[in-house]
Amino acid sequence: MKTVTICGSMKFEKEMQRIAFLLETKYELNVLQCVYNTDNLEISEKESSFLENAHFRKIELSDAIYVVDIEGYIGNQVSKEIEFAKSKGKEIILHSEYGIE
């Protein structure tokens, strides 16, 4: 079973949760997800840095990243995550090319 870290803009939060469920149940992938701030709690710059570092660690632990690029959108942070994954030799899987709805 391949392990992937899901990467995408938080504006696609609901879609990423749904996609992660489908990847695990229908495509037999083990998905490491980002942390969703569903309650819109305020976070400090230090906490934001912790979350970013944790996400990069998830990428290191994964075989690949799964980029949720709805309507072709890839933001600045996701671009950094893609470059980091490439530097670690990880496979990059684009949602727009994977073929799930």
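In the predicted model, Tyr-66 has Ile-93 of strand S4 as its bridge partner. Helices (H or I, at least four residues) and strands (E, at least two) are DSSP runs, numbered from the N terminus. Residues are numbered from 1 along each chain as its sequence is written, and side-chain values use heavy atoms, with hydrogens and water left out. As the model is a prediction, local features need pLDDT of at least 70 and side-chain atom pairs count only at pLDDT 80 or more, whereas totals for chains, interfaces and linings use all residues.

The pairing of Tyr-66 with Ile-93 belongs to a parallel arrangement of strand S3 (residues 64-68) and strand S4 (residues 91-94), which spans four bridges; two strands pair if DSSP finds at least two bridges between them. Val-67 stands opposite Leu-94 in S4. Val-67 of S3 is also the bridge partner of Cys-7, and strand S1 (residues 3-8) pairs with S3 in the parallel sense over five bridges.

S3, helix H3 (residues 76-87) and S4 form a right-handed β-α-β unit. A crossover is right-handed if, with the strands pointing away from the viewer, the path from the first strand over the helix to the second runs clockwise.

At the level of the whole chain, the secondary structure comprises four helices and four strands, following the pattern β-α-β-α-β-α-β-α along the sequence. The radius of gyration is 13 Å, close to the 13 Å that the globule rule gives for 101 residues, so the protein is as compact as a globular protein of that length. This radius is taken over C-alpha atoms, and the rule is 2.2 Å times the number of residues to the power 0.38. The C-alpha atoms fill a box of roughly 35 × 30 × 25 Å along the principal axes.

Of the 101 residues, 39% count as buried. Among contacts (heavy atoms within 4.5 Å) between residues at least 6 apart in sequence, 75% join residues at least 24 apart.

Key. Buried < 20%, exposed > 50% of the residue type's maximum accessible area, 1.4 Å probe, protein only.
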